[in-house]
Amino acid sequence: MKDAIESKSYGSIFYQSEFVFPSNQDGDALVKDLWIKVENGESLSNADMGKLILLPLTKTEVKRSERVLESAQIASKIPNKDMQTKVLSFITTISHKFLSEDETNQMLEVIEMRPLYEEITKRSQAEALDNVFKAIELLKEHKEIDYIAEKTHLPKERIISLKKQIQQ
């Protein structure tokens, strides 16, 4: 990403990018700094919140899963519950790619997010079910498979399977 455009001018419009490379940041120093702030009752700035969210992606001497747990533990100390939930949700989302299911469950238990995790799961299941019903309605209207896939975000194979079930 060294050759990326940092700024561009379009007459009266000027675009400036600022690149952030978490893997170049010292995660061990950053985690110490954030723990000190939280333990001393200091408020975390928006910049601190951003660093906390990206903490699992930083350079570190410990396993990435340990860094995820630490960042979640720090975030669970944020006094503003709405902000805490947002930060924990971001950390969970970012970390999902490199944590095993057991590590994810351990993280959720450590930060006592089980109810939030279950709510997210319920909502995603409900959304998936809504998409299936929507696909069935579109199939009954004889819409094309590609169109239905685009509208429902369901895989084409699933839509074809639904179509076969309807035709039986």
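## Legends for close-up views of a predicted model

**View 1. The whole protein and its elements.** Residues are numbered from 1 along each chain as its sequence is written, and side-chain values use heavy atoms, with hydrogens and water left out. The protein has eight helices and two strands, and along the sequence these follow the pattern β-β-α-α-α-α-α-α-α-α; helices (H or I, at least four residues) and strands (E, at least two) are DSSP runs, numbered from the N terminus. Of the 168 residues in the protein, 31% are buried, where buried means under 20% relative accessible area, exposed means over 50%, and partly exposed lies in between, with a 1.4 Å probe and protein chains only. The protein exposes about 11,900 Å², and carbon and sulfur atoms supply 51% of that area, as computed by the Shrake-Rupley method with a 1.4 Å probe.

**View 2. The largest nonpolar core.** The largest nonpolar core has 20 residues, and L52 and V87 are those with the most contacts inside it; a nonpolar core is a set of buried Ala, Val, Leu, Ile, Met, Phe, Trp, Tyr and Cys residues joined through side-chain atoms within 4.5 Å. Helices α1 (27–39), α2 (46–54), α3 (64–75) and α4 (81–95) each supply at least two residues of this core, and α3 gives the most, with five residues. When residues up to four places away in sequence are not counted, V87 touches M49, L52, I53, A75 and I78.

**View 3. The crossing of helices α7 and α8.** Two packed helices are described by the angle between their axes and the distance between the axes. Here the axes of helix α7 (residues 145–152) and helix α8 (residues 156–167) come within 9 Å and cross at roughly 115°; axes are lines fitted to C-alpha atoms, for helices over the stretch in contact, and angles run from 0 to 180 degrees between N-to-C directions. On the α7 side, I145, D146, I148, A149 and T152 take part in the contact, and they meet K156, I159, I160 and K163 in α8. The residues of this contact divide into five nonpolar, one polar and three charged, where Ala, Val, Leu, Ile, Met, Phe, Trp, Tyr, Cys and Pro count as nonpolar, Asp, Glu, Lys and Arg as charged, and the others, Gly among them, as polar.

View 4. K37 is found in helix α1, and K37 counts as buried because its relative accessibility is 19%. Leaving aside neighbours within four places in sequence, K37 is in contact with E42, L44 and D48. S95 lies in helix α4 and is also buried, with a relative accessible area of 0%. S95 touches P56 and V68, again not counting residues up to four places away in sequence, and the C-alpha atoms of S95 and R64 are 8.9 Å apart in space, although these residues are 31 apart in sequence.

View 5. K134 has its place in helix α6 (residues 114–140) and counts as partly exposed, at 40% relative accessibility. K134 touches K151 and T152, not counting residues up to four places away in sequence, and K134 and K151, which are 17 residues apart in sequence, are 8.5 Å apart from C-alpha to C-alpha. Q167 lies in helix α8 and counts as exposed, at 58% relative accessibility. The C-alpha atoms of Q167 and K140 are separated by 9.8 Å, and these residues are 27 apart along the chain.

View 6. Most residues other than glycine have a negative phi. H142, which is not glycine, has a positive phi near 60°; H142 is placed in the loop between α6 and α7 and counts as exposed, at 70% relative accessibility. H153 also has a positive phi, of about 65°, although it is not a glycine; H153 is found in the loop between α7 and α8 and is exposed, with a relative accessible area of 67%.

Notes: Predicted model: local features only at pLDDT ≥ 70, side-chain atom pairs only at ≥ 80, totals over all residues. Contact = heavy atoms within 4.5 Å.
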